[in-house]
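Here are my notes for your first look at this one. Keep the viewer open and check each spot as you read.

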Amino acid sequence: MAARAVANGLDLADVQGLVARGYPQLTAATFLLATVADAAAARLWLARVADLVTASDRRPDGRAINVAFTSTGLRRLGLSDGAVAQFSSEFVGGMTTANRSRILGDVGADAPEHWDWGGPRAQVDIALLLYAADDHALARLRADPALALAPGLRIVRELGTSDLQGHEPFGFRDGISQPLIEGLTKQGLRETTLRFGEFVLGYPNEHGLFTDRPLLDDEADPDRLLPRDPQGSGRADLGRNGTYLVFRQLRQDVRGFWRFLDSAARSRADERTRLAAKLVGRWPGGAPLTLSPDHDDAALAQANDFGYFHGDRAGTRCPIGAHIRRANPRDSLDPRPGTPDSFAINRRHRILRRGREYGTQLTPEKALREPLPDEEERGLHFICLNANISRQFEFVQGTWVNSPKFDALYDDADPLIGPSHPYGGTFTMQAEVVRRRLTDVPRFVSVRGGAYFFLPGIAALRYLAAPPD
Amino acid sequence: MPSQSALTIAAEVRPEATEDLRRLLASMGDGVANGSVIDLGAPEAVHFARLVLVDAATDLRGAPLPAWLVYMADVDVPKQQHLVELVDEAGDGIDRLFGHCVNYPSAPATPEQRADYLRACVVKEQARYVNWVGRGERQIRDEARLRERIEAYLDEHADELDGRDAGEVARELRRFVETDESLAWARRPAEGLPVGFRLRELVHAVAIPLLVLLLLPLILLGLPIFVVLLRVHERRDPAPHVKPPPELTERLAALEDHVVLNPFTAIGLVKTGLFRRLTLSTVLFAIDYVTRHVFNRGDLAGVKTIHFARWAFLDGKRRMIFASNYDGSLESYMDDFIDKIAWGLNIVFSNGYGFPRARFLILDGARDELAFKDYLRLHQVPTHVWHSAYGRLTALNITNNARIRAGLQRDAGEADTVEWLRAL
């Protein structure tokens, strides 16, 4: 195999395109979740798709295709048990083990046995992610015979998405805060720029180390389809240029959200909006409360260059328990909050979000009126990429977002996502003198499906498509 | 209020009785004790208590090491008093548990026999950590209750208090506490440590550095030799990165995250040789000194989530047991340590067999993130039976509650009052 030219040492032509960009120009998308019906036919399909998959080294021309696998999917395709076992234990065990569900808050009504997909009733092997410039182009892409899944694959679920113009279903501008990645995105200050290896296997991460990934002996890769281990062992690197993809379908109870806030605001519209902003940490238009505590500000809609410690340490602007503050605490946590040391730790727990909304938009006013019959669900297909599921996604979800004890709080779980225990339903809004508390905050988000996927490098796709010997 | 004591009891388990004991312990809890067989919370002033089974093993020279039944408790009464109370409260529960152990008197034993047996099994800890020396379990529970009452008051009177300044609100709260008899204790500051205890601690705090100062010439002479020997050992010691089997991790994780706090128990072989044993003993002595006199107010060199911890030797210093009680998940606990005090982990655990390779006792080691996390899981002991007196209080919550109570006492200036109200 000829050596490939790499820029900055990053082999972007071998990394699937979803890492480099969320395809914002391709506003139509659909996600096909499937199981392997016939392994040989599925491998033939994969060999075709590997040639069509979008890579990270250039912008897509009107359409994008990416494909990812669960650990059962890799096994069903014929990957050896020894190779599968070298993936991370979170991926191998899957999102739905009892221990994992406790960490993620998937308990009670959100437990996997109630899910539409990904749970024991409807396991998933493969996710095929399709993106196009508009709905017509998407329909054409979906119908493209080159992508035909049968007979190798059987579709379990087809998840459509909507273009809510950069907003999520509660009505807030979304996707403002994404990590800056060395060699990939525009560069920022050292303290907020992350190593490539935090999001792609086979490169140094924020500890300066290489995340464990499957390394195979020569006999397992006689045709040398896979890149070799960059650490010099000479082994075939199945994980290189791949990453883990976390997918969770989150249904959002938009009516419940606005009804609760309307009641807490005693039906005053601007107070209702202010309370909503307190829960989220940004105004619906995007301005962060920390920079603009009293009202929305269009000029700050994309503002992301701020910390909490200097100027909002006590949470009087952006509450300590607000969603964006706990999903990304920036410089506000120990040790030595407000200093680069705090950012150093923060950098080790970031995720790269690539989700898409689904369902129709519902304004707060409409949300307060009676629902139409047969109203469809709406919500977020939450998708994120990270090299270390346990230290990144699960840490953010379990230790920061879901925890009623985040940053020395007592009983405050994330107010958007909601408590997963019988306790945690308080939301405290710190104030200059006396704090205000909302109690018994209901859950506005429920989990309808999910799985941990591996998003392989393109050479790895070809390797997976080759028959096992 | 005396300072917190630790009691560690280790009884050798008869080989043929080990599996039965394992089943018994598994029936007594799922990570949180269910109160069967014995009620770990029954004795007075127990912060935390646990029972674990340390498995039999082989030492690094091939000699067999027995299994141990280990009881550990953090309490506010002197350890011998706690032992007697445990025997009183547990009754024949002691027989059911320790009957699996070597030389246990035949059942049913008399209370004196039980107490004598346990006393003979007491192990002295090499080092301990207490989050806040002198803060008793009763104080913790009382102050939690105080906070709840004040928070309810603030919620109920939210509208009236809206717009009032900090001084007025503070006066309202003090008035509220004063008019409630059940909160009378809160008007006084928390009991301090007894004078005798403080004097003894002061003597210890001064005497040890003095001793070190006296021995300084010897220490300085010996230091280069130590460093050379250390590097020889560090380069020679095997440090294989072994991944724990997934079933092991799943079994351990099943016992975790049922409440806000978790216990952590681990056992490891001490590297062979006098050099390592001496180094470890010295390091533990130093740790005990700094946790007694420096890190005794809520902060262990940057980590604020640990309630109690202890280190003790077993098997004539061939194995060491470590136990702690901490807030949050194990992943966050491990990340906390790697991020904040990897050097602290290294100085102790790099003397343990299999720890990721360290340099100069403090470098590398735990900074190899995945190797360290795998090492911990491989050496972790399942803690089925664990009692916590705190319910849902983290260390930061507890310290904050103490701050709330303390703020009731004085009528401070404007800035301090605002700061005090922020705790609510």
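1. **How to read the labels.** Helices and strands here are DSSP runs, numbered from the N terminus: a helix is H or I over at least four residues, and a strand is E over at least two. Residues count from 1 along each chain as its sequence is written, chains are lettered from A and ligands numbered from 1 in the order in which they are written, and side-chain values use heavy atoms, with hydrogens and water left out. You're looking at a predicted model, where local features need pLDDT of at least 70 and side-chain atom pairs count only at pLDDT 80 or more, while totals for chains, interfaces and linings use all residues.

2. **Confidence.** pLDDT is the predictor's confidence in each residue, from 0 to 100. Chain A has a mean of 93, with 98% of its residues at 70 or more. Within chain A, the lowest mean, 87, belongs to helix α11 (residues 340-346), and the highest, 98, to strand β9 (residues 243-252). Watch residues 1-5 of chain A, though: pLDDT there is below 50, and the stretch has seven contacts in the model beyond near neighbours in sequence (contact means heavy atoms within 4.5 Å). Where pLDDT is low, the predicted coordinates should not be read in detail. For chain B the mean is also 93, and 100% of residues reach 70 or more. The complex as a whole gets an ipTM of 0.91 and a pTM of 0.94 from the predictor.

3. **Asp229(A).** Find this residue in the loop between β7 (215-216) and β8 (236-237) of chain A. Is Asp229(A) buried or exposed? Its relative accessibility is 7%, so it counts as buried; the cut-offs are under 20% relative accessible area for buried, over 50% for exposed, and partly exposed in between, using a 1.4 Å probe and protein chains only. Its side chain makes polar contacts with the side chains of Arg213(A), at 3.1 Å, and Ser233(A), at 2.6 Å. A polar contact is a pair of N or O atoms within 3.5 Å; within protein, one must be able to donate a hydrogen and the other to accept it, and residues adjacent in sequence count only if both atoms are side-chain atoms. Arg213(A) is 16 residues away along the chain, with 9.9 Å between the two C-alpha atoms. Beyond four places in sequence, Asp229(A) also touches Leu215(A), Gly234(A), Arg235(A) and Asp237(A).

4. **Ser56(A).** Next, go to the loop between α1 (39-52) and β2 (63-69) of chain A. Ser56(A) is buried there, because its relative accessible area is 3%.

5. **Asp334(A) and its cis bond.** Asp334(A) sits in the loop between α10 (323-327) and α11 of chain A. A cis peptide bond joins Asp334(A) to Pro335(A), with omega at about -5 degrees. At 27% relative accessible area, Asp334(A) is partly exposed. Two of its contacts are in chain B, Lys304(B) and Lys340(B), and the side chains of Asp334(A) and Lys304(B) make a polar contact of 3.5 Å.

6. **Two positive phi values.** Tyr23(A), in the segment before β1 (28-36) of chain A, has phi near 55 degrees, a positive value in a residue other than glycine. Tyr23(A) is buried, at 1%. Ala301(B) has phi near 50 degrees and lies in the loop between α11 (274-293) and β9 (306-314) of chain B. At 25% relative accessibility, Ala301(B) is partly exposed.

7. **The largest cavity.** The search turned up six cavities of 30 Å³ or more. On a 1 Å grid over the protein atoms alone, a cavity is a set of points where a 1.4 Å probe fits but cannot get out, and lining residues have an atom within 4 Å of a point. The largest holds about 140 Å³, and among its 15 lining residues, Ile267(B), Gly268(B), Met320(B), Phe349(B) and Tyr375(B) lie nearest the centre. β8(B) gives the largest share of the lining, four residues.

How values were computed: 1 Å grid on protein atoms, 1.4 Å probe; cavity = no way out; pocket = protein on both sides within 12 Å on 5 of 7 lines; lining within 4 Å. Points joined across faces, edges and corners; volume = space filled by probe spheres on them.
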